[in-house]
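Open the model in your viewer and keep the selection panel at hand. The stops below go from pockets to a helix pair.

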Amino acid sequence: MLRVPFVALCAMFLGVTAARSFEPNYDEAKIPQYQLPDTLASSDGASITSSQQWESVGRPATLKLFQDHVYGVSPDPVQQNVTVQGKVVSRKDDALGGRAIRRDIDVTVTHNNASLTMQMLVYTPASSQGPVPTFLGLNFQGNHSVDPDPAIRIPDSWMRNRNNGTTDGNRAIEAGRGVAADRWPIETIVGRGYGLATIYYGDIDPDQDDGFQNGIHGLFADWNASADPQTRWGSIAGWAFGLSRALDFLETDAQVDARNVIVIGHSRLGKTALWAGATDPRFAMVISNDSGCGGAALSRRAFGETVGRINQSFPHWFNDRFQDYNENESALPVDQHQLLALIAPRPLCVASATEDRWADPHGEFLSCVHASPVYRLYGVSGIGLASDSVDMPSPEQPLQYGHISYHLRIGKHDLAEYDWLRYLDFADKHLMKR
Ligand code: GTR
């Protein structure tokens, strides 16, 4: 038997508990002193003063920093000869009591003779005369969870065991039908003249640390092997890649106005929507709902969830280099306001919830403020407050003055009808008038 001295045993125990016990900071007074990277500084220190300069110098450099230090580098679909094909599997012209056309579509992504199929559920208003602006969002629990309609397919890809009767082990089952309908007010969306397309995020990549074996990562095994292990794509980048391939298909779809596709996501999928919007300028509008750490919240504030904590819980979401910034946020060459800046000048919604302190609502709002200078390069305002006030707006007093919308809903971490109504208003203002 191996004898371990008592002192060493105590030290081991303390080490383990120290690694596991994490006390989030929820006190503004205890936020570390920090200085944000200047969004408009180019690498030689000169200031970027025009949208042309931003697009030729600032934007590509900022995007590369996020690839190299945060989300990872994804394969280039053109260089990798990726093809995308859609096949309508079922269609109902009088869904939702005659209000919508519902289609269930297989979207197949092919690379090197191997393929991955994402099941996409698309609703468009039954009354629409032509292609409509459409929300595209990933869902957590399967397409069958967004509406109780028994005709919607149940995904067969890996799902986290929810231990609440809606899954059987790692599989989705009938009992999950409609369980997430509150998050997807489809009748309201189509009633306002928009389409909704949604995909179960596990169809793109399973949300587990599987070492690049499955899902979209697995489809690019050759590319992964040749990529830098420090910087290759994590799961957020994988899900965002899937959203872009979904958009490839929507560009060929007669019922969707592909010039007006709005990418939306909640929580980890809000982080994903932001990265999709940053990497793919074809998304006309971007929505981050309660995205928090690694999403809209400033990392340097280390308020609620921190970089160290997120990397400990979800090491597969980001690239491996992001681990260098655990408890070391100020060493990051970027912060999340620059992620929002990559979306300029497109309309962007950032939303928080009062009880969602884990996601740092104030840090999400400040990101909007500090992204605004890039919007101004395009002659539009960002958050649209006088002299970029940093005062937190009151709950449920949405700021929708400029091209960045911010609101703080009263309630918990969720995607609620209140949030959707704000997004629809903002889309009406910026997209419907086009
Ligand atoms: C939490 C995680 C958050 C957020 C959330 C979610 O556990 O700490 O960053 O992404 O999950 O996606 O539901």
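Two terms are needed for the stops below: lining residues are those with an atom within 4 Å of a point of the pocket, and helices are DSSP runs of H or I with at least four residues, numbered from the N terminus. The model is a predicted one.

**Stop 1: the largest pocket**

Select Phe140, Ser267, Arg268, Trp317 and His413. Of the 24 residues that line the largest pocket, these are the closest to its centre. The space in this pocket comes to about 410 Å³.

**Stop 2**

Next select Ser74, Pro75, Pro77, Phe241 and Thr279, the closest to the centre among the 17 residues lining the second largest pocket. About 300 Å³ of space lies here. The lining splits into 8 nonpolar, 5 polar and 4 charged residues.

Which helix gives the largest share of this lining? Show helix 2 (51-71), helix 8 (235-250) and helix 9 (268-279), each of which supplies at least two of the lining residues. The largest share, 5 residues, is from helix 8.

**Stop 3: helix 2 against helix 9**

The axes of helix 2 and helix 9 are 11 Å apart, at an angle of about 140°, and the crossing is left-handed. For the contact, select Arg59, Leu63, Phe66, Gln67 and Tyr71 on helix 2, then Trp275, Ala278 and Thr279 on helix 9. By class, this contact holds 5 nonpolar, 2 polar and 1 charged residues. Thr279, part of that contact, is also one of the residues closest to the centre of the second largest pocket.

Note on methods. Residues are numbered from 1 along each chain as its sequence is written. This is a predicted model: local features need pLDDT of at least 70, side-chain atom pairs count only at pLDDT 80 or more; totals for chains, interfaces and linings use all residues. Side-chain values use heavy atoms; hydrogens and water are left out. On a 1 Å grid over the protein atoms alone, a cavity is a set of points where a 1.4 Å probe fits but cannot get out, and a pocket is an open set with protein on both sides within 12 Å along at least five of seven lines; lining residues have an atom within 4 Å of a point. Grid points are joined across faces, edges and corners, and a volume is the space filled by probe spheres set on the points. Ala, Val, Leu, Ile, Met, Phe, Trp, Tyr, Cys and Pro count as nonpolar, Asp, Glu, Lys and Arg as charged, and the others, Gly among them, as polar. Axes are lines fitted to C-alpha atoms, for helices over the stretch in contact, and angles run from 0 to 180 degrees between N-to-C directions. A crossing is left-handed if the near helix is turned anticlockwise from the far one by less than a right angle, and right-handed if clockwise. Contact means heavy atoms within 4.5 Å.
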